[in-house]
Amino acid sequence: MSDSATRALSRSLLDLCRMRKLKIATAESCTGGLVVAALTEVPGSSDVVDRGFITYSNEAKHAMIGVETAKLETFGAVSKEVAIAMAFGALEHADVDLAVAITGIAGPGGATPGKPVGLVHFAVAARDGRIIHHEQRFGAIGRSSVRQQSVIEALKMLIEMARGPKAPVKRSRAAVHRLRPRASRTPTRTSGKRRRTSRPSTPRASDS
């Protein structure tokens with residue numbers, strides 16, 4: 001995608017977050033701050049963007065956002081487990097509603113068995129406990145292209161999370177309707193009892 005597409009996604013995300021009153025933080029490794037840079041390129045983004053954690057090394061991931069050293073050693077920095085830990089760590093260290101984490105191998109070097117160049121893990125965490133994880137294998141398309149595609153993916157995931165679960169419109173309407181009959185039944189029952197007190201044959205009818 002072009003830079004214009006990145007700007008369009010950034011503007012869409014910022015507008016959506018303003019409407020829903022959401023704040024954002026990023027925890028970036030292979031993108032080195034490109035996601036937060038894309039967002040802050042848009043004038044007025046300070047009402048949505050809080051901060052960006054550039055956690056390029058394992059030490060930074062642990063020191064800045066609390067990713068456990070044991071998790072880094074067990075799964076490796078480029079993994080689903082670490083991406084999710086980074087996202088939740090960013091939430092814990094910033095007063096925000098959403099946090100995105102990106103960790104991957106942009107190349108040209110850095111590949112290991114099972115983890116080729118172009119492998120990137122993404123995670124977006126929400127304050128209410130929701131989490132989204134995506135794994136992308138962009139291939140050896142060049143360092144710049146992997147990073148650019150990662151920015152696009154991160155913005156899309158943030159938009160998806162910012163939209164949130166659909167509001168239970170039908171349920172809320174049903175709840176309102178249920179409350180109304182209950183309020184109306186009270187006087188009808190009492191009035192019915194008053195009428196039945198003068199009729200000895202009504203108890204059986206009331207049992208039905």
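## Terms and model

A residue is called buried under 20% relative accessible area, exposed over 50%, and partly exposed in between, using a 1.4 Å probe and protein chains only. By this rule, both Phe122 and Phe138 are buried.

The model is predicted: local features need pLDDT of at least 70, side-chain atom pairs count only at pLDDT 80 or more, and totals for chains, interfaces and linings use all residues. Residues are numbered from 1 along each chain as its sequence is written, and side-chain values use heavy atoms, leaving out hydrogens and water.

## The sheet

Helices (H or I, at least four residues) and strands (E, at least two) are DSSP runs, numbered from the N terminus. Five strands form an open sheet with mixed pairing, in the order E2-E1-E3-E4-E5. Strands E2 (49-54) and E5 stand at the edges with a single partner strand each, so one side of each has no neighbour in the sheet.

Two strands pair if DSSP finds at least two bridges between them. Strand E3 (residues 98-104) and E4 run antiparallel and are joined by 7 bridges. Thr103 has His121 in E4 as its bridge partner.

## The aromatic pair

Rings of Phe, Tyr and Trp (its six-membered ring) pair if their centres lie within 6.5 Å; planes under 30 degrees apart count as stacked, over 60 as edge-to-face and the rest as tilted. The structure holds 1 aromatic pair. Phe122 and Phe138 form this edge-to-face pair, with 6.5 Å centre to centre and 85° between the planes. Phe122 lies in strand E4 (residues 119-126), and Phe138 in the loop between strand E5 (131-137) and helix H6 (143-163), 16 residues apart.
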